[in-house]
Amino acid sequence: MMENMRRSHVTEPDCLLKTGQDFKASLDDGRKVWVGGKLLARVADNPALNAGIDILASMFDDQFTDEFRDVTTVRDPASKKIVTRAWQEPKTYGELIERRKLIEYTTLKTAGTFGRPIDLAPTIAIGIGAHVPIFRSRRSAYDGCRPDFAENILRYIEYGRENSITAAESLTGPQNDRSSPMAQAASLLRVTSVESGGVRISGAKSVGSIAAQTHEVMFTNLGYKGTPPEACIWGALPINAEGIKLVSREMLSQPGADPFDHPLTRRGEEADQLIIFDNVFVPKDRIFNLGDPSLLELSGKVTTWAHWHVLTRLAVKAELFVGCGQIVLDVLGTGQIPAVQAMLAELIEYAQVLKSFVISAEVQARHMETGILAPDTNLLTAGRLYSIRYYPHIIHTLQELCGQGLVMRFGKSAFENPDIGHHLAELLPGRGVSGMQKEQIMNFIWDMTGSALANRVALFENVNASPAPRLRDRLFHEFNRDEMVGKVKKIAGIEY
Ligand SMILES: Cc1cc2nc3c(=O)[nH]c(=O)nc-3n(C[C@H](O)[C@H](O)[C@H](O)COP(=O)(O)OP(=O)(O)OC[C@H]3O[C@@H](n4cnc5c(N)ncnc54)[C@H](O)[C@@H]3O)c2cc1C
């Protein structure tokens, strides 16, 4: 199969891949994005958003290269067409591993700074699809609009796969008075009217990471006891749908900076937007739930594959931290100091533990009724809890290995300045490297761990896929301890 792809990958008539240029052009669709209070004529007009779009576009172009075609594309078993691997539904262990390799690839493309690269949102759609029998058994609460949830989900997955759709997904509501149920209820997405062929919704979603730089948004509400039926809505819409307003946070990257000074932040960012739905029409075929509170409870389950993506990305990033640490030891000549070796060992421990959580969740994956293979939830949750608990410590440790070098960075123009450059060259060489080479790794580590963008990424890691209290809550309620309790009772001779 892959041999055929290699021979005629680009020209085959059934090749449904998009190029980077196709992707960029598709974002010029009249979407409404505000940055710094100003409406952009085109999303690409903002340099930071545009640089981020360039990275995403390069992932599309990589599909046509010898180096990346196998990891990024697949021949769809149903349609026999060559499609992006992002929408692959893993049904065997081998497919799960192939799909994970795509996560590793998209992570490396951004050094883990994009939590929502092109292959994240498809994992949510696939997760919804994995539960389609439950959706099939549920009905709309509105007589005037009776969508077929299951058919809509399956069609959406096919549409996403065949059109290389990228998407944001947002569950969380905007931050307001958490002590007031009324305040939170007021911002929930809710159905305001039913029309022939669909419904109108108003409300807001936050935070919609990458929404401005993507095709679609998948939306729902986090349910709570007593969520009114009009707020029990789940669906997907194009970002340029009339009435969707994206209000962006301030940009944090440094597009246009010299590659030496800011090797990472010069490449833009995935930005986060408040997504306002102002009387937006949702066509019937884009509705996955309408009025059923019990379907909102599925949000934890359908995000299993997204959480596997999150953990895999962190595992890949942890290995980058190890690589950074080793280079620092090399260029500073500190690798012979036992205390320094111990710090690097902590980075290695972190990376190895995350990797083992990913692998074990895959080994213990179970088939859903739909045939899709689901990584083990408890291992994912425990791994994610470990990953975010130690993330700040790992960043701190890597920074400590760097010492003053992480701050005493002077920039390319200082090294090239005839008055001071020769002093810098004389005073700052490392072990076997020039001062400039030493600064290069420090610049990279600064971008990754100390920059404004790095701070956003750290915050993102901590809360985007549930903060620690929610993960502990999940472990408490979802991890079955019966067998363990039974063993203890047996060994200790306890009966109750
Ligand atoms: C950079 C970034 C990107 C994000 N991207 C997305 C996205 O793309 N899609 C999406 O759906 N969401 C996204 N999120 C939102 C994320 O899901 C929420 O931040 C998270 O669920 C926490 O909710 P909150 O921020 O509204 O916290 P709040 O409810 O405002 O609470 C503030 C803090 O109070 C504490 N707290 C509140 N309630 C409890 C409780 N019951 N138990 C213990 N502690 C509590 C926690 O420390 C919490 O962080 C993103 C967040 C960030 C920061």
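In the predicted model, the centres of domain 1 and domain 2, taken over C-alpha atoms, are separated by 26 Å. The domain assignment of the protein places domain 1 at residues 2-294 and domain 2 at residues 303-486.

The interface between the two domains was examined next. On the side of domain 1, 48 residues are in contact with domain 2, and 42 residues of domain 2 take part in return. The size of an interface is often given as the accessible area lost when the parts come together. For domain 1 and domain 2 the buried area is about 3,700 Å², and carbon and sulfur atoms give 71% of that area. Polar contacts were also counted: 14 residue pairs, with both residues at pLDDT 80 or more, are in polar contact between domain 1 and domain 2. Helix H5 (93-109), helix H6 (121-130) and helix H7 (132-136) each contribute at least two residues to the side of domain 1 that touches domain 2. Of that side, the largest share comes from H5, which supplies ten residues. By residue class, the side of domain 1 that touches domain 2 consists of 19 nonpolar, 16 polar and 13 charged residues. Four salt bridges were found across the interface of domain 1 and domain 2.

Arg 456 was considered together with its partners. The side chains of Arg 456 and Glu 270 form a salt bridge, with an N to O distance of 3.1 Å. The side chain of Arg 456 also makes a polar contact of 2.7 Å with the side chain of Asp 272. Asp 272 is located in strand E11, which covers residues 272-283. With a relative accessibility of 8%, Asp 272 falls under the 20% limit and therefore counts as buried. A polar contact of 2.5 Å links the side chain of Asp 272 to the side chain of Arg 249. Leaving aside residues up to four places away in sequence, Asp 272 touches Val 207, Gly 208, Ser 209, Val 247, Ser 248, Arg 249 and Arg 456.

One of these neighbours, Ser 248, belongs to strand E10 (residues 244-248). The relative accessible area of Ser 248 is 11%, so Ser 248 is classed as buried under the 20% limit. The side chain of Ser 248 is joined to the side chain of Gln 273 by a polar contact of 3.0 Å. When residues up to four places away in sequence are not counted, Ser 248 touches Trp 34, Val 35, Ala 271, Asp 272 and Gln 273.

Within helix H5, Lys 109 was examined. Although lysine belongs to the charged class, Lys 109 is buried, with a relative accessible area of 17%. The residues that Lys 109 touches, not counting those up to four places away in sequence, are Ile 55, Ser 58, Met 59, Asp 62 and Arg 267. Lys 109 and Ile 55 are 54 residues apart along the chain, while their C-alpha atoms are separated by 7.4 Å.

Just after H20, Gly 493 adopts a positive phi of about 70°.

Note on methods
Residues are numbered from 1 along each chain as its sequence is written. Side-chain values use heavy atoms; hydrogens and water are left out. Domain bounds come from an automatic or database domain assignment. Contact means heavy atoms within 4.5 Å. Buried area is the accessible area (1.4 Å probe) that two parts lose on being put together, summed over both. A polar contact is a pair of N or O atoms within 3.5 Å; within protein, one must be able to donate a hydrogen and the other to accept it, and residues adjacent in sequence count only if both atoms are side-chain atoms. Helices (H or I, at least four residues) and strands (E, at least two) are DSSP runs, numbered from the N terminus. Buried means under 20% relative accessible area, exposed over 50%, partly exposed in between (1.4 Å probe, protein chains only).
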